[in-house]
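Good morning, and thank you for coming.

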Amino acid sequence: MLKGAVLIGAVPALGFTTTKRAGSLPADPFTLGVASGDPSPDGSVIWTRLAPRPLADDGRGGMPDQVIDVEWEVADDEGFANVVRRGLSAARPESAHSVHVELTGLRPDAAYFYRFRAGGFLSPAGRTRTAPQPDSLVAQLRICAVSCADYEDGWFTAYRAVAEEQPDLVVELGDFIYEDGPGRRGAPAVRRHAGPDTAMTLADYRLRYAQYRTDPDLQAAQAAAPWLVVFDDHEVANNWADETPEVPQQDFPRRRAAALQAYYENMPLRASARPTATGMQLYRWVPWGRLATFHLLDTRQYRTDQPCNDKLPSDCPARLDPSASLIGAEQERWLLDGFAHSSARWDLIAQQVLFSQLDLTPGPGRSFNPDAWDGYVAQRDRVVTAIAESPVRNGVILSGDIHSHCAAEVWQSFDDPHSRRVAVELVTTSVTSGGDGSDSKPEIVAVLPENPHIRYFSNRRGYLRVNLTPELLRADFRTLPYVSRPGAPVNTGASFLVLDGQPALLQV
């Protein structure tokens with residue numbers, strides 16, 4: 001399909017009409033590729049952004065300060081012989097000439113191909129799909145989950161492998177870009193960010209997204225399937241919490257607003273996620289018939305400041321404060337209401353930071369990461385209790401952030417090995433962040449006896465592949481031996497099964 005997209009882009013778009021505001025574009029504006037997301041039973045979002053000079057310092061991608069009409073079409077074949085939808089959208093300079101088309105009227109549970117045209121140029125083609133009917137229990141769903149792709153830490157080989165998996169959905173769990181520069185990693189950069197070392201302004205963030213999106217492996221993954229996206233911290237600034245930055249800085253709310261604006265412009269999100277003066281609505285449900293419901297969380301905009309002065313590792317009474325909140329009171333009510341009304345075979349909670357307890361001190365004493373759910377214990381306990389007492393049949397938490405693969409069982413009390421198993425947690429490692437990595441990490445191996453609910457850990461880069469059927473879930477932790485140079489092979493570090501109605505990890 002990806003090879004076919006190149007061929008499609010080389011032939012005339014016979015079905016397109018002439019745009020009214022084509023403008024004069026100096027070169028191909030489709031340098032950032034195409035993407036789709038948030039499928040529904042009758043459509044999805046298709047996205048592109050015009051940028052003939054994607055690395056222009058002003059973040060505008062070399063586009064003129066005028067509205068450009070962008071034509072789009074959707075077909076049920078990759079040769080576009082049978083076009084089923086066609087339309088015109090305006091790419092506006094105030095939105096970085098991005099286009100978000102919310103498709104409707106398509107068949108449920110079906111694959112489609114889409115493309116764009118502007119200024120006489122034709123985009124590559126992408127593949128999207130619609131969700132099943134609400135009452136349909138489909139036979140299978142294939143998901144790939146990704147997280148933490150630092151351009152400077154390595155090559156995006158994992159994204160190419162995700163495209164080759166031909167998934168139905170890709171779940172992106174945050175840190176799609178990194179806002180900071182080489183000082184963070186203490187090692188030479190494999191590739192360098194364009195522009196300032198640290199993104200601070202709207203122009204900086206737009207440029208950063210543009211550079212990431214010029215990567216051909218990322219473009220392949222985004223063109224292969226619809227994405228479900230949520231941000232973590234590096235789309236704005238490391239370890240931010242609501243309007244509180246990790247390090248005090250002047251006018252952080254303005255920087256935060258610029259980062260959220262750029263995030264919306266560069267992601268296949270619906271208009272309901274468009275930022276306002278107070279933030280953006282990112283948490284949402286995406287149903288997949290009766291087989292699965294995705295509960296997509298936002299763990300940054302509503303959290304109280306990290307306890308224990310956000311020092312890693314830490315332990316302090318503030319971790320147990322019942323008023324401390326990672327997702328805010330309103331989002332917590334929304335999440336628990338979703339559990340209370342669940343009718344799906346599998347409920348997948350897609351969120352950013354490690355949910356399970358992780359004691360980081362070997363032997364006597366304890367310490368934790370206050371930026372993860374370990375910093376917000378009371379709210380985590382309420383979420384676990386809600387899963388246990390609700391109609392949720394199979395709870396699965398998808399997480400990222402820690403730059404490592406991890407598989408864990410969620411116990412009703414993490415300190416009691418005999419307590420009830422409530423759900424499982426599957427953590428995807430980073431695409432590149434942390435460099436080549438290793439099969440193990442001595443400091444984690446040393447504390448695994450303190451954390452018997454953790455069944456697997458790997459410090460390699462890669463992604464998570466999940467196959468769902470009504471009867472079972474299979475999770476494959478896909479790993480790469482290196483990212484410091486391109487072309488790494490992909491292997492499976494470990495595989496686990498979760499049987500319907502049994503929240504336990506069975507290693508294959």
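Let me begin with a definition: an axis is a line fitted to C-alpha atoms, for helices over the stretch in contact, and angles run from 0 to 180 degrees between N-to-C directions. Helices (H or I, at least four residues) and strands (E, at least two) are DSSP runs, numbered from the N terminus. Please note that this is a predicted model, in which local features need pLDDT of at least 70 and side-chain atom pairs count only at pLDDT 80 or more, while totals for chains, interfaces and linings use all residues. Residues are numbered from 1 along each chain as its sequence is written, and side-chain values use heavy atoms, with hydrogens and water left out.

Helix α2 covers residues 157-165 and helix α4 residues 216-224; their axes come within 7 Å and cross at roughly 30°. That makes α2 roughly parallel to α4, a label for angles under 35 degrees, while over 145 counts as roughly antiparallel, 65 to 115 as roughly perpendicular and the rest as oblique. The crossing of α2 with α4 is left-handed; the term applies if the near helix is turned anticlockwise from the far one by less than a right angle, and right-handed applies if clockwise.

Which residues of α2 and α4 meet? On the α2 side they are Thr157, Tyr159, Arg160, Val162 and Ala163, and on the α4 side Pro216, Asp217, Leu218, Ala220, Ala221 and Ala224. Contact here means heavy atoms within 4.5 Å. Sorted by class, this contact of α2 with α4 has eight nonpolar, one polar and two charged residues. For these classes, Ala, Val, Leu, Ile, Met, Phe, Trp, Tyr, Cys and Pro count as nonpolar, Asp, Glu, Lys and Arg as charged, and the others, Gly among them, as polar.

Is α2 enclosed or open? Seven of its nine residues are buried, so α2 is largely enclosed by the rest of the structure. Buried means under 20% relative accessible area, exposed over 50%, and partly exposed in between, with a 1.4 Å probe and protein chains only. The buried residues of α2 are Thr157, Ala158, Tyr159, Ala161, Val162, Ala163 and Glu165. Just after α2, glutamine 166 has a positive phi of about 50°.

Together with Leu426 and Leu468, Tyr159 has the most contacts inside the largest nonpolar core, which has 79 residues. Helix α5 (residues 252-265) provides the largest share of this core, six residues. A nonpolar core is a set of buried Ala, Val, Leu, Ile, Met, Phe, Trp, Tyr and Cys residues joined through side-chain atoms within 4.5 Å. Apart from this core lies another, of 34 residues, among them Leu358, Ala386, Ala408 and Trp411. In soluble globular proteins, nonpolar side chains tend to be buried together.

The second pair of helices is α6 (residues 329-340) and α7 (residues 377-389), whose axes come within 9 Å and cross at roughly 15°. That makes α6 roughly parallel to α7. Their crossing is right-handed. From α6, Glu332, Leu335, Leu336 and Phe339 make the contact, and from α7, Gln379, Arg382, Val383, Ala386 and Ile387. By class, the contact of α6 with α7 has six nonpolar, one polar and two charged residues.

Next, some backbone details. Most residues other than glycine have a negative phi, and most peptide bonds are trans. Histidine 97, in the loop between β4 (83-91) and β5 (98-102), has a positive phi near 55°. Histidine 97 is buried, with a relative accessible area of 2%. Asparagine 239, in the loop between β11 (227-229) and α5, likewise has a positive phi, near 55°, and counts as buried at 13% relative accessibility. The peptide bond from leucine 312 to proline 313 is cis, with omega near -10°, and proline 313 is found in the loop between β13 (292-296) and α6.

Where is tryptophan 285 found? Tryptophan 285 is in strand β12 (residues 284-288) and is partly exposed, with a relative accessible area of 36%. Not counting residues up to four places away in sequence, tryptophan 285 touches Thr293, Phe294, His295, Trp334, Asp337 and Gly338.
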